[in-house]
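This briefing concerns a predicted model. Please examine the sequence and the structure shown here before reading the points that follow.

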Amino acid sequence: MQATIVATAFHLPKTMLTTHDLNAEFPEWSVAKIDGSTGITERHIAGEGECASDLAQRAAEKLFALGVCTPDEVDFVLFCTQSPDYWVPTTACLLQQRLGLPTTAGALDINLGSSGFVYLLGLAQGLVASSQARCVLLLTGETYTRFLNRKDRSVRTIFGDAGTATLIRAVEAPAPLMGPFVYGTDGAGGENLILRTGGARTAKTADTGVEEEDESGNWRSMDNLYMNGAEIFRFTLSVVQPAIQELLRKAGKTLEEIDVFIFHQANLYILQHLRKRIGIPAEKFVIAIEHGNTACSSIPIAMHRALEEGRLKPGSLAMLVGYGPGYSWGATLVRW
Amino acid sequence: MTMSREELLREIDKMLELPSGTLQGPEVLAELENWDSMAIVTFIALADSAGSVTLSAKQIGHCETVGDLIALVRPA
């Protein structure tokens, strides 16, 4: 049996932070200039009490509403988030109950950022290929905006919240419809995109909540998400092209044989630079950044857009590439 | 694509929204109005395209002048 993607859906929170809002709040930020280079015009922000799992749940409900599957058919659910509801229990277990999935289904969370969707696909394919599951629900959800300092331009202009749901089914097919997979990890870069407190290593205290200004004029405390944008960009330039070359080598394909390229939607500037550097024609490269960098949800949202726009069609071969905090990265091919 | 020193200066002019021909090399980065974190990211991209060099934020952080930046892409 081979794993295949059947359908996707996504959900964005109602509250929006537009360029206009940011301009009004911080006229000195030159937000219009930033938006020109990031390609982001609005960021959806999770409401008070609205968790990553709520966004994923709404996306899953939209997926079920498409009629491609009923909740009782799902025999495994995987939820990718770095914003779980609780330390204990596993959020995917709570989603099993909230979505009405069978109690015979397996459920687990994976904690990854923008590389996460490729890892979800890899795990789902393994579950299907080893006959452990036949109908896998892949969920992503992230609420990074909750971790951002209001006065930190470097992240506030970029990140948005979202949740997605993707259905994977086992089908009879003569060849794999997903893969091969290339993975990569470099924990030495962990400190360049980090939320320092709130985990077991460093508790939140009054001291960790003290805000400081950095050399670029951005403010944050240890309780806020920190991103070293320049180092993250350098990391991206270092790993994406080699990962793609390795993926093509493993697949025995050339770049020209790929119909659609869907990269993590970090920001427009990075995407365009990568596209030109790798030599991907613009018409094959999906840009779906208008709602901001939604971390692990960005690839499935871009995939959904490509399907809606008819850029992904039956028989299309798509390359998915994710890269994010950890450092962590992954790439794979998906046949539609 | 390898750029000459002059071409790199003009690209940095553009990056910092200065009229073409403004920068010559000795200018102190900290004194340039648009030299900020976005400009650093843009310069990393420029070095990658122009000199096939992947620079770190730390390398750029050690630069004091425009000439120091150019030396990272076109070592003497």
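The largest nonpolar core of this predicted model has 70 residues. Within this core, the residues with the most contacts are A:Phe263, A:Tyr323 and B:Ile12. In soluble globular proteins, nonpolar side chains tend to be buried together.

**Nonpolar cores**

- Helix α7 of chain A, residues 229–251, supplies the largest share of the 70-residue core, namely 11 residues.
- Neighbours within four places in sequence aside, A:Phe263 is in contact with A:Val240, A:Ile244, A:Leu271, A:Leu274, A:Ile278, A:Ile280, A:Phe285, A:Ile299, A:Val321 and A:Tyr323.

- Strands of a sheet pair through backbone hydrogen bonds, in either a parallel or an antiparallel manner.
- An open sheet in chain A is formed by four strands in the order β8-β15-β14-β13, with mixed pairing.
- Strands β8 (178–185) and β13 (260–263) of chain A are the edge strands, each of which pairs on one side only.
- From one strand to the next, the twist averages 10 degrees.

**Strand pairing and the helix across the sheet**

- Strands β14 (residues 317–324) and β15 (residues 328–335) of chain A run antiparallel and are joined by eight bridges.
- The bridge partner of A:Gly322 in β15(A) is A:Gly330.
- Helix α9 of chain A, residues 298–308, lies across β13 and β14 of chain A and runs at about 150 degrees to β13(A).

Conventions
Residues numbered from 1 in each chain as written. Chains lettered and ligands numbered in written order. Predicted model: local features only at pLDDT ≥ 70, side-chain atom pairs only at ≥ 80, totals over all residues. Heavy atoms only, no water. Pairing = 2+ DSSP bridges. Helix = DSSP H or I, 4+ residues; strand = E, 2+ residues; numbered from the N terminus. Axes fitted to C-alpha atoms, helices over the stretch in contact; angles between N-to-C directions. Contact = heavy atoms within 4.5 Å. Core = buried A, V, L, I, M, F, W, Y, C linked by side-chain atoms within 4.5 Å. Buried < 20%, exposed > 50% of the residue type's maximum accessible area, 1.4 Å probe, protein only.
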